[in-house]
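Take a short walk through this structure, one site at a time. Keep the sequence and the 3D view side by side as you read.

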Number of protein chains: 4
Amino acid sequence: LAETAVGVREMSKQLGRARIHSIIHSVLIVTKARDNRLIKLTRELAVYLMSKKTDNGRGLIVYVDNQLRTSRRFDAAGIERDHPEFFVPFPRRRTSTSSSSSSSNSNGSSPPGDAAFPKDEGQLRYWTAEMCSRSPHLFDFVVTLGGDGTVLFTSWLFQRIVPPVLPFALGSLGFLTNFDFAEHQSVMDSVIDSGIRVNLRMRFTCTVYRAVAPDKGRQRKAIKKADTGEILMRNLEKGGWEAIEGGWSHITPDGKEEGKKKDKEIMCFSTRPVESFEVLNDLVVDRGPSPYVSLLELFGDEHHLTTVQADGLTISTPTGSTAYSMSAGGSLVHPEIPAILITPLCPHTLSFRPMLVPDSMEVRICVPFNSRSTAWASFDGRGRVELKQGDHIKVTASKYPFPTVCADKQSTDWFHAISRTLKWNERERQKSFV
Amino acid sequence: LAETAVGVREMSKQLGRARIHSIIHSVLIVTKARDNRLIKLTRELAVYLMSKKTDNGRGLIVYVDNQLRTSRRFDAAGIERDHPEFFVPFPRRRTSTSSSSSSSNSNGSSPPGDAAFPKDEGQLRYWTAEMCSRSPHLFDFVVTLGGDGTVLFTSWLFQRIVPPVLPFALGSLGFLTNFDFAEHQSVMDSVIDSGIRVNLRMRFTCTVYRAVAPDKGRQRKAIKKADTGEILMRNLEKGGWEAIEGGWSHITPDGKEEGKKKDKEIMCFSTRPVESFEVLNDLVVDRGPSPYVSLLELFGDEHHLTTVQADGLTISTPTGSTAYSMSAGGSLVHPEIPAILITPLCPHTLSFRPMLVPDSMEVRICVPFNSRSTAWASFDGRGRVELKQGDHIKVTASKYPFPTVCADKQSTDWFHAISRTLKWNERERQKSFV
Amino acid sequence: LAETAVGVREMSKQLGRARIHSIIHSVLIVTKARDNRLIKLTRELAVYLMSKKTDNGRGLIVYVDNQLRTSRRFDAAGIERDHPEFFVPFPRRRTSTSSSSSSSNSNGSSPPGDAAFPKDEGQLRYWTAEMCSRSPHLFDFVVTLGGDGTVLFTSWLFQRIVPPVLPFALGSLGFLTNFDFAEHQSVMDSVIDSGIRVNLRMRFTCTVYRAVAPDKGRQRKAIKKADTGEILMRNLEKGGWEAIEGGWSHITPDGKEEGKKKDKEIMCFSTRPVESFEVLNDLVVDRGPSPYVSLLELFGDEHHLTTVQADGLTISTPTGSTAYSMSAGGSLVHPEIPAILITPLCPHTLSFRPMLVPDSMEVRICVPFNSRSTAWASFDGRGRVELKQGDHIKVTASKYPFPTVCADKQSTDWFHAISRTLKWNERERQKSFV
Amino acid sequence: LAETAVGVREMSKQLGRARIHSIIHSVLIVTKARDNRLIKLTRELAVYLMSKKTDNGRGLIVYVDNQLRTSRRFDAAGIERDHPEFFVPFPRRRTSTSSSSSSSNSNGSSPPGDAAFPKDEGQLRYWTAEMCSRSPHLFDFVVTLGGDGTVLFTSWLFQRIVPPVLPFALGSLGFLTNFDFAEHQSVMDSVIDSGIRVNLRMRFTCTVYRAVAPDKGRQRKAIKKADTGEILMRNLEKGGWEAIEGGWSHITPDGKEEGKKKDKEIMCFSTRPVESFEVLNDLVVDRGPSPYVSLLELFGDEHHLTTVQADGLTISTPTGSTAYSMSAGGSLVHPEIPAILITPLCPHTLSFRPMLVPDSMEVRICVPFNSRSTAWASFDGRGRVELKQGDHIKVTASKYPFPTVCADKQSTDWFHAISRTLKWNERERQKSFV
């Protein structure tokens, strides 16, 4: 038994490290489209990739941000002047085969050829957020230029399947940007010629549930056990989950109330899912502009874990352990560890130590009905959503991890990054006197 | 690819939770043999188990501490008087079939029958530490009476394969003692009749390596890269590992020394393993009685992670996250998460945040040659060993996990324990005025 | 020299503890005027105090919240029915003689007699926020009913001189509410008959400075020293202080830029004070609803201390060390220690340990011109003020401390409160198994 | 009242900053006498000071470590050869007036002239630890060469009155060593010509009390109040204090025991003071080589504050806030704040936040009779003393502060030191690309 367990663990590890030798036809470049400096680098990279011959005799198809279509600085017309060959349309006959879909490494790179993109038939094409969310299989590969924020933006663009992502840093390397743009030619050559190894970074699926006023006569009931404080629920339905009416009052250690300790029936509201976000770093629920402290109820797999009185709470992936969770006092957690980090923001107790739970747990953060104020959720720092009393968010490990390309020394990358970027355990070296 | 990864993770999880319906013939009872109160309870439990009929028509074979053989309070003679049937020897003929060995749930419980234990042929037998370490297959099952310390002692007894352990708490439940002795009869009945589910708690194998003075002419060499601080080693041999001579001085950020930054050849010593310990909670390396701060070098998979200037360092399992690591400021980590916790004790820097690395990593703690003092290691609080300059300890996830029996609500047990025992995030409930 | 220093310290300490035997004529009662339960208790207390005879032959003058004037539940008419003697006007002739003496709580207790308050000439009178801010000397004494929030509200009401405050807790005692309302009669008797001892709790004066666009030709200049990062300013004017243009870039430890290290002249803007707040607990500057991290510059006595990249910063009194500062990780600081607590909220570095500076230091928090977003300040949780780029807040120990009445065991009160309210260092007591 | 309080605070502050224009005749140089490099620098400094003319027409009298008397490297004979004038004896006639004693700035620097030191009559003299402890008035001034450890050693030498100390750093400046030896000539010239300003750094007096077996019939009694957990003591004697028998069991929050809550009479032992140490940084009480956790009882002004279950406890001055207390998680506290820092080492609770109490409080750390093991105390890292069950240490602000010479920018020195030495709130500056 023990040996099998070890074996499974090993296998799981190797899986995340397999070298993939797929044929790359199309590359998506993500960058801040408003930063002039970056536009110049994007142009440089795009030209290099379009010149790089692949097995079909032409260079790669390169997708750049649709905002660059008319950018003077990007100067697509200038590229066409210098490299007219990039703009020769691909032959149409293969279009029917490009139904593709399924796999992320499919032949989706073949020219789409539908009427909607008539101008894109050469090697230089333009991507939109909608294309990323609807047709991720169009792209064999994503390259990002910029900081960790650009990588997070890429995660935001691809809410379901994500092509392998190769993040270039400009200047110092970050946690997610482990390739130096100064070496982009050799890095890209190696990727195209020798294939890549990817890390599957866990993402979370965060689903927002809104409270629904109960129909008369169909109200759900729950029993609050007096001796454990647990809530037992009945009539759980698939798509929903029960939000619970106020007063998660724990059993007080005060003997005087003993007489009152009875199982209590609690009026329940039902909730329904309204939207969903994939996050690579973290979900943060805080009090937003409210002057009052947040009151949140935290559940793990339907069990009440604790009542949070704090500025808020962050639920982080290991990848996000060096982001907001770190600021809030969380430990540094290597990205390969399958765990969910629960870290309070400025809690009102002395003893709310950060906690890690298994990634198989369903974590829920509820705004109880007795909360004085609403709460606000943000997803990797974006998409601020207000949570009203009775609403909650369910967090689970996502089915759609985020594949990032490994540098050769992947595992040490992370250690170098925490030393360099966070100055982890760095100290002054005593200068000696002559 | 992504889906497979999720699948593997699921499988791994279920594996640790399978219900095992093995036939139990023999039970080992571990308790503090000097605590009179516990001896009485041990006696009570032993009698109950010996009376409990199994499929062979007799009750269970029960092993109690050899120190109780002559204990007046345990009064084995009194048991014999009241229950002479427990002391009827088992027939010899089945001895040859006890091929046992391999699995922890084998039929090793059949009477050993070798001449060494002539007096043990009835149902009441006596265990010694030696029997636990040499013949773990003698015991189908271990029951502990006492606190978490008794469970740690059990882990100490079984340095290799460990039978499933069912820990009874006397009084309040602890992190490891999740069954209440007050219900021992119904718990034991359920175990014997319906089988058990076990959690495989990770243990660490901690191997102590001692520095060996190098032979002339056979000295190992290592190169210290000036630009990264990394050590590249050559001539690594299987059984050994290179301890490194002094001066892990990091690259200073001081431009003035730039001229001096050269790769440096470092004289190496070889080391050899001398002893090994299995730990369930933690390895602690500290300065012991020395007034000087510890200087330790920390490596992960042959890469230098950091230089530790601190009172010491604790390397903990998730099970141990509520023990010493917690005192030192570490996060609370659910026991199912496969991670190694690295937590410094009173570090001399402001930025030495606790860290978690994957359980697949080999962690080494070295006492460098330039350390002013030696260091001391303890294993689950036991077995204090001095580490001299050049020595190191290698920590890896053990092949021999520690199987503990799950209560029905295993996963909530841990949450209840941290609330109750550590008062995690507990606050005063405001008493209201009339 | 040393002995004198010790002597001064002693004197300072005794001063804060002197017993004051002033004659009390008038009491102000502060409570939440919308809480029905509290209105009832306020009425009860008011009646008791108005019945309590003083040396002028009548009971005390009691001021209650002006909102209660028409409250049915307070029922002033009912009081008049039961106690017509409370409503007999005071004779006018004594007004001129009330020169009274010594203390800051002097002649305010004599009937004001001006035409503005014709109805208030009996013992029951009504206070407004304006009266508190303009005429604190009207009140010899303040009694609060409620929690710590009510005491903070009292501090808010009295922005300059504060009469001695006696805070009654309803239910459990708090940090500031150290008298139990259940004993209000004996407490009030003792106060009136035997005098009081007060603690002078430090408050901060927080002054908001707004950036002013510079006149042409009158621009201030500052020199930024390359080797220390310090800013030397010229032309400092009394009422103003120089806000500084962008880029507090520290000297990088990177030798490569050495050539560029020159003293730099920085364009300065002047600022002017616009409003000022007294706080008893803390000033909090945070990012408010902005999604971006705060960028704040922190100065102590004109010296740049550090650049804050965090969710925000709290500047707390020792009294406030158990409030927001505690949540953010600050130490618990006894209220008698003359210090200013600087505690970051979720800082972006691992090493931003909370800090205490002497209460003689002027602390300034600036929003630099290169900040991406504005910041928001709140004062004891109230009065949210937006700080734009170039604005700053100056924090100094206030000339108007907050005198709270000591219970007999003043110094232990605080220790009891942190044990009870915060469960400081509390642990489970092991229940033993009989 | 309020204004007086502010005034006192101001005065106290200025007092610590007064410029002292005393006439300096004699200087003591402290350094590590075994460090060859330092001997050379000591010689250089001694020669410079002996050459520096004062008002009596000769250079300063310089005391160096008695161990240097015969040091070849120091080469006193060589100095005599080069500067025979240093060795001319001072005239005897003024000896009778040098009774002095009292003040630290007295004329004690005139030649002692007693027969015991016949060889010291020139300018070069030799100090011993005994001279420092018995006759601190011999030295007008102390110069230290080395790191912070050398300053702590100076504090150790002068257990009562301490002459002003000017600490030179070799290499990087430290917390206590705020003058650069590279500028020693100009610094010394300025000191001698213009006088100095000193900071009076608080020290603690730590007095060790040993338990004394009680005489029959004269046993002390104490009452333990059931409702507050406080201990009321009777028969307190001046020189002694009562150590208390076992079981500081707090009131459990468990209603079941309510019936048992009675005031309890506790058997007391008396204690007597046996030795006393002055510390500049901290007192640390820990478990020493014991494998068991420390059990300590902490008292403030005779009130029980808490029971410590931890690796130990550190009681630090603000000066020591950057030493051990920092490692244990304490805040950084500016040296001018009059406070006592209480910081636990690896406590067994989640909620044992570090605490600051006023420097007027008497803090006691007791090893209770029910402790499983003894504890060990060290004083500024020295003088390890074992505390047995029943022993305790009393910590109070010392009557003998430690005067250190201020650099011109005294208050910023500390801030620079925490940035430089501890990298407080330092972060990587993003290197930008091109």
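H304(D) is buried, with a relative accessible area of 14%. The model is predicted. The cut-off for a buried residue is under 20% relative accessible area, so H304(D) qualifies. Look for H304(D) in strand 16 of chain D, which spans residues 303-316. Its side chain has two polar partners to find. One is the side chain of E297(D), in a polar contact at 2.5 Å. The other is the backbone oxygen of T306(D), which the side chain of H304(D) reaches at 3.4 Å.

Now move to chain B. R203(B) sits in a loop there, between strand 8 (196-201) and strand 9 (204-212). Is R203(B) buried or exposed? R203(B) has a relative accessible area of 0%, so it counts as buried. Its side chain reaches backbone oxygens. That of F158(B) is 2.9 Å away from the side chain of R203(B). The backbone oxygen of R160(B) also lies 2.9 Å from a polar atom of this side chain.

Next comes helix 6 of chain C, residues 184-194. Which of its residues are buried? They are H184(C), V187(C), M188(C), V191(C) and I192(C). These residues cover an arc of only 125° around the axis, so they lie on the same side of helix 6 of chain C. What do they pack against? One partner is a helix, helix 2 (36-51) of chain C. The others are strands of chain C: strand 5 (141-145), strand 6 (165-169), strand 7 (179-180) and strand 8 (196-201). Just after helix 6 of chain C comes G195(C), with a positive phi of about 80°.

Finish in chain D, with a pair of helices. Two packed helices are described by the angle between their axes and the distance between the axes. Here the pair is helix 2 (residues 36-51) and helix 6 (residues 184-194) of chain D. They pack at an angle of about 35°. Their axes are 11 Å apart. Helix 2 of chain D passes helix 6 of chain D in a right-handed crossing. Which residues make the contact? Helix 2 of chain D supplies E44(D), L45(D), Y48(D) and L49(D). Helix 6 of chain D supplies H184(D), Q185(D), M188(D) and D189(D).

Technical notes
Residues are numbered from 1 along each chain as its sequence is written. Chains are lettered from A and ligands numbered from 1 in the order in which they are written. This is a predicted model: local features need pLDDT of at least 70, side-chain atom pairs count only at pLDDT 80 or more; totals for chains, interfaces and linings use all residues. Side-chain values use heavy atoms; hydrogens and water are left out. Buried means under 20% relative accessible area, exposed over 50%, partly exposed in between (1.4 Å probe, protein chains only). Helices (H or I, at least four residues) and strands (E, at least two) are DSSP runs, numbered from the N terminus. The arc is that of the directions from the helix axis to the C-beta atoms. Contact means heavy atoms within 4.5 Å. Axes are lines fitted to C-alpha atoms, for helices over the stretch in contact, and angles run from 0 to 180 degrees between N-to-C directions. A crossing is left-handed if the near helix is turned anticlockwise from the far one by less than a right angle, and right-handed if clockwise. A polar contact is a pair of N or O atoms within 3.5 Å; within protein, one must be able to donate a hydrogen and the other to accept it, and residues adjacent in sequence count only if both atoms are side-chain atoms.
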